[in-house]
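Work through the exercises below with the structure in view. Try each task before reading its solution.

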Amino acid sequence: MTSDSDEGKDGEALRLQDAVGRIEAVMDNAAEARFRSTARQARTSAKRLIWLQRAADIVQDVVLASKAVPCGSGCSHCCAIPVAITQAEAFAIADFAKLPRPSQPAAAITGRGVLAQEQVVEDARDEAALAHMGEPCTFLVDGGRCSVYPARPLACRLHFSLSTNSDDCRPDYFGQSPRLDVFDRNLDNILTLGLSQPVADIRDWFAQRKQV
Ligand code: SF4
């Protein structure tokens, strides 16, 4: 005999499976792989980043078109959770926002630590990685607009909730609400940009709130 709660869990699992299936059915894997391959061949981290952004944007376009996620303009809960970015991304944001390129934050990590951080952020376990939990991103303005949207980090481009209710994305539910699994993509981003790239939270790279 199954309980109401077991049936509820089974129903939710089926719903998530269906949502992921709908996304995967229309994903242009070949185009994404082509952009990722081009990124790996680019000579500088800045150029590699541009191709990785294009690969991430393919995923975003498909996910949003699938209507399998509640993400939409004006919702910014995910802009108050940890947002780990590389130096290449920090420089791209600074250039876009016409800010001086930031120096490496004291909290930055590199090399194998980056891989550990990636796992840690995915698992939502490490206190250092969660230091900025609940703190709005430096570039969040007008109650929910990203002021550096064209230059936003890869982590932001690839963060998609699979919940039916955007309230589940609030920082106090971090790690509990269902998200599209992009672990492999995040890992590939870090490996492609290079393990010598310092990585830190966007709020450590850019401490001051900036209107752009
Ligand atoms: S860079 Fe933009 S999308 Fe990313 S967390 Fe900051 S405000 Fe949100």
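This is a predicted model: local features need pLDDT of at least 70, side-chain atom pairs count only at pLDDT 80 or more; totals for chains, interfaces and linings use all residues.

**Exercise 1.** Describe how H2 and H3 pack.

*Solution.* Take the geometry. Helix H2 (residues 29–41) packs with H3 at an angle of about 170 degrees, and their axes are 8 Å apart. Angles over 145 degrees count as roughly antiparallel. Therefore H2 is roughly antiparallel to H3. Next, the residues that meet. H2 brings Ala31, Glu32, Phe35, Arg36, Thr38 and Ala39. H3 answers with Arg48, Trp51, Leu52, Arg54, Ala55, Ile58 and Val59. By class, this contact has 8 nonpolar, 1 polar and 4 charged residues.

**Exercise 2.** Which residues of helix H4 are buried, and what covers them?

*Solution.* H4 spans residues 87–97. Its buried residues are Gln87, Ala88, Glu89, Ala90, Ala92 and Ile93. Their cover includes helices H3, H6, H7 and H8, along with strand S1. After H4 comes lysine 98, whose phi is positive, near 55 degrees.

**Exercise 3.** Which residues are around the ligand, and how do they divide by class?

*Solution.* List the shell: Cys79, Val83, Cys137, Phe139, Leu140, Cys146, Val148, Arg152, Pro153, Cys156 and Ile202. Then sort the shell: 10 residues are nonpolar, none polar and 1 charged.

Notes: Residues are numbered from 1 along each chain as its sequence is written. A residue is buried if 20 or more other C-beta atoms lie within 10 Å of its own, exposed if 12 or fewer, and partly exposed in between; C-beta atoms are placed from the backbone. Helices (H or I, at least four residues) and strands (E, at least two) are DSSP runs, numbered from the N terminus. Two residues are in contact if their C-beta atoms, placed from the backbone, lie within 7 Å. A residue is near a molecule or strand if its C-beta atom, placed from the backbone, lies within 6 Å of it. Ala, Val, Leu, Ile, Met, Phe, Trp, Tyr, Cys and Pro count as nonpolar, Asp, Glu, Lys and Arg as charged, and the others, Gly among them, as polar. Axes are lines fitted to C-alpha atoms, for helices over the stretch in contact, and angles run from 0 to 180 degrees between N-to-C directions. Angles under 35 degrees count as roughly parallel, over 145 as roughly antiparallel, 65 to 115 as roughly perpendicular and the rest as oblique.
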